[in-house]
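The sequence and the structure are shown first.

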Amino acid sequence: MRGKTKRTPQTDAPGERALIQRIRGRGSRKSFAGLVLGIGDDCALLAPKPGEEIAVTTDLSIAGRHFRLDWHPPEVVGYRTLARGLSDLAAMGARPLAAFLSLGLPPALTKAKGRKSSWLDLFFEGFLELAQAHKTPLAGGDLSQSPVAVADIVLVGAVPRGRALLRSGARAGDLIYVTGMLGGAAAGLARLSALAASAKRRSGHGRSVPPSIQRKMAPKRMADALAAHFYPQPRLAQGGWLQSKGLATSAIDLSDGLSTDLAHLCEESGVAAEIDAASLPIAQGATLEQALHGGEDYELLFTAPAEARMPSRVAGVPVTPIGRITRKLRGRPITTIRTERGAEPLVPRGWEHFV
Ligand SMILES: [Mg+2]
């Protein structure tokens, strides 16, 4: 898949060549604004519009840490790998120009089993589905054998010069907003973990693979409970809208959890923040704890002046005011939460991955 035609011998299997051809076909059949040259040469060529800056983000996903081969179907791993990168572009108000993907995989994951697709094939199903939804071409990458499955994604985007949404622009008096609902991804992960535990008990010999959640997870209720964790929606339309309207003073995407990401935003802006527990949009089936500290919702957290006229929905997604930015005072916590018990420190304890 790399831009160069040279390939390492170990990945030069006919099946993989065919796969690369298929990816090329899917990626280049349509022309993408901003991509001059994709897979096939030594480099990809990108062309931002005049007056734009380039936004670049990179994210590493490692089996056993960011996903589990025995819990997450391959399509989900592919989808989430790209979603993480796109969400960072959304947080800057950037539009995607191209994605670059490097994969290190154990050989078993690249081989088709009889007439069944390989893990790698299914990974690309999920990846390319999201890429097409957001008009993001896969413009290059690399593929190598590795003892552990790793996926490294690079996203390149463009944003009008000097207009990117930054973490550093929040000011005392601004209101704090979030898009969508919070805690759904953490609730889904808890459900997945419970399913894996019960499958392990049933199989009785320590096998942690719950085949019921691999692909044909079927009962729709179950699929809904896992959807926020399996298929988070990068808020590119909402980030782009905020950027173009110049309404937001700062923004960050919720990858680690509200408590942790809000602390990052406050740190970069040199301010403090107060959240109202009662106003948090908590996802169905999620708890307050999951909404505050569960990661991977990939919603946008942003601030805007109190007098800004913020709509209650942007591009079909609810936007909810959840608190306010205050001055940083010595001896006071950076982030606090107001409940019926009064104000308490909001201790950042975002998601720690699978460790
Ligand atoms: Mg981010």
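**The chain as a whole**

The model is a predicted one. The protein chain holds eight helices and 14 strands. It comprises 355 residues, of which 51% count as buried. Among contacts between residues at least 6 apart in sequence, 85% join residues that are at least 24 apart.

**The pairing of H2 and H3**

Helix H2 spans residues 74–92 and helix H3 spans residues 119–133. The two pack at an angle of about 40 degrees, and their axes are 6 Å apart. Angles under 35 degrees would count as roughly parallel and those from 65 to 115 as roughly perpendicular; H2 and H3 are therefore oblique to each other. The crossing in which H2 passes H3 is right-handed. On the H2 side, the contact is made by Pro74, Glu75, Val77, Gly78, Tyr79, Thr81, Leu82, Ala83 and Leu86. H3 contributes Trp119, Leu122, Phe123, Glu125, Gly126, Phe127, Leu130 and Ala131. By class, the residues of this contact comprise 12 nonpolar, three polar and two charged.

**Selected residues and their accessibility**

| Residue | Relative accessible area | Class |
|---|---|---|
| Serine 250 | 0% | buried |
| Glutamate 299 | 5% | buried |
| Tyrosine 298 | 5% | buried |
| Lysine 135 | 61% | exposed |
| Arginine 327 | 62% | exposed |

Serine 250 belongs to strand E8, which covers residues 250–253. With a relative accessible area of 0%, and the limit for a buried residue being under 20%, serine 250 therefore counts as buried. Its side chain is joined to that of threonine 303 by a polar contact of 2.6 Å. Leaving aside residues up to four places away in sequence, serine 250 touches Leu166, Arg167, Gly169, Ala170, Leu265, Ser269, Leu301, Phe302 and Thr303.

Glutamate 299 is located in the loop between helix H8 (288–293) and strand E10 (300–304). The side chain of glutamate 299 makes a polar contact of 2.5 Å with the side chain of threonine 179. Beyond residues up to four places away in sequence, the residues touched by glutamate 299 include Thr179, Gly180, Met181, Leu182 and Arg235. Ile252, Asp253 and Leu254 are also among them.

**Positive phi values**

Tyrosine 298 is likewise placed in the loop between H8 and E10. Its phi is near 55 degrees, a positive value in a residue other than glycine. Lysine 135 also has a positive phi, near 50 degrees, and is not a glycine. Lysine 135 sits in the loop between H3 and strand E5 (138–145). Tyrosine 298 is buried, whereas lysine 135 is exposed.

**An exposed arginine**

Where does arginine 327 lie? Arginine 327 is found in the loop between strand E12 (317–326) and strand E13 (335–339). At 62% relative accessibility, and with over 50% as the limit for an exposed residue, arginine 327 therefore counts as exposed. Not counting residues up to four places away in sequence, arginine 327 touches Ala172 and Ala272. Arginine 327 and cysteine 266 are separated by 61 residues in sequence, while their C-alpha atoms are 9.9 Å apart in space.

Technical notes
Residues numbered from 1 in each chain as written. Predicted model: local features only at pLDDT ≥ 70, side-chain atom pairs only at ≥ 80, totals over all residues. Heavy atoms only, no water. Axes fitted to C-alpha atoms, helices over the stretch in contact; angles between N-to-C directions. Helix = DSSP H or I, 4+ residues; strand = E, 2+ residues; numbered from the N terminus. Parallel < 35°, antiparallel > 145°, perpendicular 65-115°, else oblique. Left-handed = near helix turned anticlockwise from the far one by under 90°. Contact = heavy atoms within 4.5 Å. Nonpolar A, V, L, I, M, F, W, Y, C, P; charged D, E, K, R; others polar. Buried < 20%, exposed > 50% of the residue type's maximum accessible area, 1.4 Å probe, protein only. Polar contact = N/O pair within 3.5 Å; in protein donor to acceptor, adjacent residues only side chain to side chain.
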